[in-house]
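Welcome! Please take a look at the structure below, and then we will walk through two parts of it together.

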Amino acid sequence: MGFGRICMIYFDNSATTLKKPSEVAEAVRYAINHFGNAGRSFYDASAAASREIYAARAEIAKLIGSDEPLSVAFTSSATESLNLVIAGLVRESDHVISTVLEHNSVLRPLYLSGCELSFMDCDELGSPDIGSLKSLINAKTKFLVCTHGSNVTGNVTDVRSLYEFCMANEITMILDIAQTFGSIPVDFDTADIFCFTGHKSLFGPQGTGGIITTRDFDFDIMKTGGAGHGSFQHFQSKNMPDIFEVGTLNSPGLYGLQKGVRYINELGIDKILEKTTRLMNLFYDGIVGLENVKIYGAFSESIRLPIVSLAVAGFTSPELAERLYKDFDIATRAGIHCAPLLHKRLDTADSGLVRFSFSYFNTEDEVESGISALREIAHG
């Protein structure tokens, strides 16, 4: 039984990368047949899982510029990471600053915490108003939680400026790097805590993600159970990575993630950024100015994510995405992209947008096919 279309052109890489380095799938297959339970014993199958998971920590630490692999804790996703970090740190009495660009993986844990919230607005291109930050701070401000790059517009936030402000005002900065880690350079000295996913631009399997900390934090224990050590202690260790890693780790997924991140480290993030930017610019240049097509985002910036979100007059976003897939075998993402505040700000909440997101494994021929399809639909 087959799944999907053989000739499908895949432009939904911001949701998950479909095409990955071949060694990722090979690693998952090998681990399923050869790995035991990591950190639970000394026999070969268990020890092999432990070694490769540690190697995955080392590859991730290398990619972000950290020299401490044990600052990396693994979870199932960026969503779980953000939930654990926010629930483990933010109190109802705290004031937290965020932005209107955020994904619901940031917004909903913050709403649930009951904290006082203030949001940085953005301009008509979706770029955050960093200049307003000083006016949002108050005596109870403890955290700034924000995305590094928008999954709707592809705009990249000036996180270095945000972090300098946070350090000057003793604010802890939590950064969502789900879209940027593996796509553009992410530096260890631009936030206090990073939350990432494995299945997007890190080329790992779904069900992988993690948390990276730059120093010790007094997290509340949000998950507890078996850890393979300290079994007589009543409570879970608060040390990294133990505080977030309870039960059996996803050894096959993390071995696959290790191979995906190693591929990036060996190839070089600059080469990935150069190609995906070239593909994005080719697509943008081919459709900008088309009658009935409106594009969202700031495309004059020197660095941005390989995302182009747009609307075509006469179509809701689901209608346009369906037309692209049924008539042209092109896969995109339609809707609100789990970013409700930004869509309200851009006045696209009613119809949504169609997002084209490109990967290192896309080709110029595929992009040309996307341009041709949009031209035909817009002119029709």
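## Some ground rules

Two strands pair if DSSP finds at least two bridges between them. Helices (H or I, at least four residues) and strands (E, at least two) are DSSP runs, numbered from the N terminus.

This is a predicted model, in which local features need pLDDT of at least 70 and side-chain atom pairs count only at pLDDT 80 or more, while totals for chains, interfaces and linings use all residues. Residues are numbered from 1 along each chain as its sequence is written, and side-chain values use heavy atoms, with hydrogens and water left out.

## Strand β7 and its partners

Let's start with β7, which covers residues 193–197. Strand β6 (residues 172–176) runs parallel to β7, and three bridges join the pair. Within this pairing, Asp176 has Cys195 of β7 as its bridge partner. With strand β8 (residues 209–213), β7 pairs in the antiparallel sense over five bridges. There, Ile193 sits opposite Thr213 of β8.

Buried means under 20% relative accessible area, exposed over 50%, and partly exposed in between (1.4 Å probe, protein chains only). Five of the five residues of β7 are buried, so the strand is largely enclosed by the rest of the structure. Both of its faces are covered: Ile193, Cys195 and Thr197 lie on one side, with Phe194 and Phe196 on the other.

Now find Leu310 in strand β10 (residues 307–312). Is Leu310 buried or exposed? Leu310 is buried, with a relative accessible area of 0%.

Leaving aside residues up to four places away in sequence, Leu310 touches residues including Phe283, Ile295, Tyr296, Leu353 and Phe356; contact means heavy atoms within 4.5 Å. The C-alpha atoms of Leu310 and Lys223 are separated by 40 Å, and these residues are 87 residues apart along the chain.
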